[in-house]
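Work through these exercises with the structure open beside you. Try each task before you read its solution.

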Number of protein chains: 2
Amino acid sequence: MSKAKLVPGPDTVSDSWILRPDPSDPRLTVKVSGVDERGQPVETSVVVERPLTIYLNRQEIVTAMTIGDHPEYLALGFLLNQNMLRTDDEVTEIDTDDDLGVVVVRTKRATNYEKKLKKKVQTSGCAQGTVFGDLMDVIENAQLPKSELRTSWLYSLTHQINTTPSLYLGAGAIHGSVLCERDRPLVYMEDVGRHNAVDKIAGWMFKNKVDAGDKIFYTTGRLTSEMVIKTVRMGVPILVSRSGFTAWGVELAKKAGLTLIGRARGKRFVALSGEDRIVYDQDLSYVEEESSKNRRKAAVHDE
Amino acid sequence: MSKAKLVPGPDTVSDSWILRPDPSDPRLTVKVSGVDERGQPVETSVVVERPLTIYLNRQEIVTAMTIGDHPEYLALGFLLNQNMLRTDDEVTEIDTDDDLGVVVVRTKRATNYEKKLKKKVQTSGCAQGTVFGDLMDVIENAQLPKSELRTSWLYSLTHQINTTPSLYLGAGAIHGSVLCERDRPLVYMEDVGRHNAVDKIAGWMFKNKVDAGDKIFYTTGRLTSEMVIKTVRMGVPILVSRSGFTAWGVELAKKAGLTLIGRARGKRFVALSGEDRIVYDQDLSYVEEESSKNRRKAAVHDE
């Protein structure tokens, strides 16, 4: 029965992370003054969103609103998740111009998505549209590996993620995605657009040729069809969220054999697909419920 | 000092609503079985999302994922908020085919948005893209009326909204938007896509020729640029959310003279724009903090 994992020391945390939010980055938030419920002046921090136009070779693909901390990873991940960049594509160059808000991804393979860009699907996840055909292929051809999720890992991960300094804890109104391995959170990306956070992780994995089969993906967002498809496309077999499910998200997860865990708060969670990967090794009497502080914070996670 | 409004009787509520969620509608949720944190089987309700393809006259505009309860209002509102339908346009016919998931809006004016559909902007609100030029026009030409928001209304509205039966309270993972007048919530729309909920309200207002100048708009979602633009486009001078702000959302609200109130929970709120419309008539000693039950529920409001 694992217990120690639930209260990781600072070492555990700092050792664990490869990449995590930098709430102190002055480009990511601004101070704004206003008034509170008593009419008293207040100064508060709000998250910055800026347009980033993504090009694939000579073609303008999309302009995304992002906090702008990792344009390269966002561009790569977006193109991968839109099926415009293949996992075996050779990226020859990535040019970023922060002032212009432009990132250009160049590939050895010639690309042209004129047609694809015409037909859009707005999902409830609201990513820039993706053609349905593509989506279904990803789900039907899914071959997610047999892996395991120990409940002791799950509780340790959520504890570490909830207590790691982030823009979310500081300014709120932002989404987070975390790539994890066993009980170790590795990469934590935040963004104003939930899908940007996911795409930045996909981009990081592509750039660093990271194996997805033994990973666990955590998102603050809802478990929608779009989120399930992106996780399956990345090849990660386990998707966890503190938030809820949509019916189509659950249906696609079952088709793809993805382990889908939602409403993960404190002791509680619900698994609606791929339950066979779960190993119940945690003695629940050692798991704390979330503090009301965390609950309130969590409520800021809207969009 | 108003107090009574804070605990509206069932009459107040039932008298107030013109349109509100029907959580008992069998088309909107499905029962799914899974396991809980103890490995015990559980059955839970999840929200349904289905594709709805919106046509304007002979042109296919977008396929949106929606719970599908008000396709007409969603189509009208989406087209209005994309600036493809003008407020003075004469809608000659709206055909809906639930089985095909298609809604066709026909207008007297001939329309063609081929060009516009090519250039997309993905906002952090993630609505199907809108051209920046349009957005800025809306903000720069904004003429929002002088109106007032009494804090007694604000507390009464949030109380009524939080205690009204909804898919959100039942299944979670859904967003809500509420059109209000003084201390009366009038129309409450929910959807898997936050922007669908807003668009359905815009569509309802258009169809019923509702004056926006004396209204208050409440959203469960974050106060992003996209949300501010839609509210201003609708002509509603006051936007309230229990969630947080993005910097660009605040900037646009100030430009447009929109009253922007966020983090509205229990007693608390922060106004970052248009504070002059706020009238502090509520004695705060009579306002309850949110129950931890509401806080937990609120935490389900992700995406």
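**Exercise 1. A salt bridge within a helix**

Find the salt-bridge partner of Glu251(A), and say where the two residues lie.

Solution. This is a predicted model.
- Step 1: Glu251(A) forms a salt bridge with Lys255(A). Their closest N and O atoms are 3.4 Å apart, and the cut-off is 4 Å.
- Step 2: Both residues lie in helix 9 of chain A, residues 247–256. They are four residues apart, about one turn of the helix.
- Step 3: An α-helix has 3.6 residues a turn, so residues three or four places apart point the same way.
- Step 4: Glu251(A) is partly exposed, with a relative accessible area of 41%. Lys255(A) is partly exposed too, at 47%.

**Exercise 2. A salt bridge across the chain**

Which parts of chain B does the pair Asp69(B) and Lys200(B) link?

Solution. 
- Step 1: The two side chains meet in a salt bridge, 2.5 Å from N to O.
- Step 2: Asp69(B) sits in the loop between strand 4 (59–66) and helix 2 (71–81) of chain B. Lys200(B) belongs to helix 7 of chain B. The pair is 131 residues apart and links distant parts of the chain.
- Step 3: Lys200(B) has 0% relative accessibility. Buried means under 20%, so Lys200(B) counts as buried.

**Exercise 3. Two helices side by side**

How are helix 7 and helix 8 of chain B oriented to each other?

Solution. 
- Step 1: The axes of helix 7 (residues 194–207) and helix 8 (residues 225–234) of chain B come within 11 Å. They cross at roughly 5°.
- Step 2: Angles under 35 degrees count as roughly parallel. Helix 7 and helix 8 of chain B are therefore roughly parallel to each other.
- Step 3: Residues of helix 7 of chain B, including Val198(B) and Ala202(B), meet residues of helix 8 of chain B, including Met227(B) and Lys230(B).
- Step 4: The residues of this contact divide into five nonpolar, one polar and four charged.

Definitions and conventions
Residues are numbered from 1 along each chain as its sequence is written. Chains are lettered from A and ligands numbered from 1 in the order in which they are written. This is a predicted model: local features need pLDDT of at least 70, side-chain atom pairs count only at pLDDT 80 or more; totals for chains, interfaces and linings use all residues. Side-chain values use heavy atoms; hydrogens and water are left out. Axes are lines fitted to C-alpha atoms, for helices over the stretch in contact, and angles run from 0 to 180 degrees between N-to-C directions. Angles under 35 degrees count as roughly parallel, over 145 as roughly antiparallel, 65 to 115 as roughly perpendicular and the rest as oblique. Contact means heavy atoms within 4.5 Å. Ala, Val, Leu, Ile, Met, Phe, Trp, Tyr, Cys and Pro count as nonpolar, Asp, Glu, Lys and Arg as charged, and the others, Gly among them, as polar. Buried means under 20% relative accessible area, exposed over 50%, partly exposed in between (1.4 Å probe, protein chains only).
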